[in-house]
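Student: Could we go through this structure together, one question at a time?

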Amino acid sequence: MNQARLAGARLSDRLRNSGLDFSILAPLVALIVLLVISSLASEYFLDLRNLTNITRQVSYTGIIAIGVTFVIIAAGIDLSVGSMVALVGVVLIYTVNQFADPVQGVIIGLAMAVLAGALFGLLNGALVTWGKITPFIATLATMSIYRSLALYFSDAGEMVSTNSLFPEIGGGYALGLPIPVWTFLIIAVLAHILLAHTPFGRHLCAVGSNAQVARYSGIRVQRIILITFVIAGACVGISSIMLASRLNSISPSDAGVFYELDAIAAVVIGGTALSGGRGSIWGTVMGALILGVINNMLNMLGISPYLQGLVKGGVILVAVLMQYKQNH
């Protein structure tokens with residue numbers, strides 16, 4: 001037993017000294033194990049159509065999770081992203097329908113969606129930085145406000161696009177992959193560069209680790225936190241575009257429901273610390289894929305959809321417990 005423990009400790013030391021990033025390696029290993037188990041559990045899992053559907057479904061919440069990663073690294077939280085999806089979707093469909101020219105309507109509609117998402121994120125950030133309200137309470141309040149506004153402006157009814165070009169965005173393909181998947185990957189690359197290779201990313205980690213020390217170091221803490229919420233809002237705007245165009249409509253009562261849970265779960269499973277200060281975009285991508293594979297397997301195995309929340313909650317608890325063990 002002692003020899004086994006000694007060998008395990010040596011292996012752990014070697015891996016620790018190898019320079020590998022465990023915040024990415026751990027969710028990657030978990031994803032590979034999950035893929036192997038899923039392929040053994042169902043003969044249809046590895047079908048190209050099924051894998052394409054998984055990546056398409058993951059892309060909606062994955063784009064949001066990338067934005068939320070910045071907020072959580074800054075030691076914040078954003079509970080309003082699900083309701084924001086509905087409100088941005090209402091703004092998007094309304095704008096697209098105002099123009100007779102399909103191209104003009106799509107271009108202005110997409111710009112309005114991203115701008116609206118960024119503005120809603122700016123409001124969240126302003127409440128946290130200037131209003132001195134804790135992120136949990138501020139975004140809990142705006143979660144209710146955004147959903148209520150979406151229901152009011154749409155009269156609680158489904159809004160349908162009349163633009164013939166609009167459905168091609170979320171339902172189209174490029175090089176064999178759905179456009180939402182390409183969008184997800186491109187945003188992930190850009191976000192990784194922003195987080196890992198720019199002064200903003202370094203300042204963000206410093207703010208999340210210790211805001212007081214970062215302030216003494218000359219970092220403009222409030223501005224960094226504000227920007228994280230704007231990034232999260234812009235990502236919600238892009239996700240709303242993909243979702244609304246895929247469906248060619250938006251339902252203000254259902255759109256984005258529980259998206260905040262999926263986004264935060266993806267971030268935590270991906271190794272980003274809920275206490276802030278560290279995290280990775282690729283970890284979040286892995287976390288989103290893990291949740292997508294779990295959902296897919298639950299559906300393929302005929303398990304009640306009411307139990308999916310139970311599984312997600314359990315996965316979040318395990319991820320948080322692993323983070324606690326790592327930090328203590």
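Student: Leaving aside neighbours within four places in sequence, which residues is I66 in contact with?

Tutor: This is a predicted model, in which local features need pLDDT of at least 70, side-chain atom pairs count only at pLDDT 80 or more, and totals for chains, interfaces and linings use all residues. Residues are numbered from 1 along each chain as its sequence is written, and side-chain values use heavy atoms, with hydrogens and water left out. Taking contact as heavy atoms within 4.5 Å, and leaving aside neighbours within four places in sequence, I66 is in contact with F184, I187, A188, A191, I281 and T284.

Student: How many disulfides does the structure hold?

Tutor: A disulfide is counted when a pair of cysteine sulfur atoms lies within 2.5 Å. The cysteine sulfur closest to that of C205 belongs to C235 and is 17 Å away, which is too far for a bond. The number of disulfides is therefore zero.

Student: Is C235 buried or exposed?

Tutor: Buried means under 20% relative accessible area, exposed means over 50%, and partly exposed lies in between, using a 1.4 Å probe and protein chains only. C205, at 23%, is partly exposed. For C235 the relative accessibility is 7%, so this cysteine counts as buried.

Student: Which helices hold F70 and F200?

Tutor: Helices are DSSP runs of H or I with at least four residues, numbered from the N terminus. Both of these phenylalanines are buried, and their pair ties together parts that are 130 residues apart in sequence, because F70 lies in helix α3 (residues 48-73) and F200 in helix α9 (residues 199-209).

Key
Helices (H or I, at least four residues) and strands (E, at least two) are DSSP runs, numbered from the N terminus.
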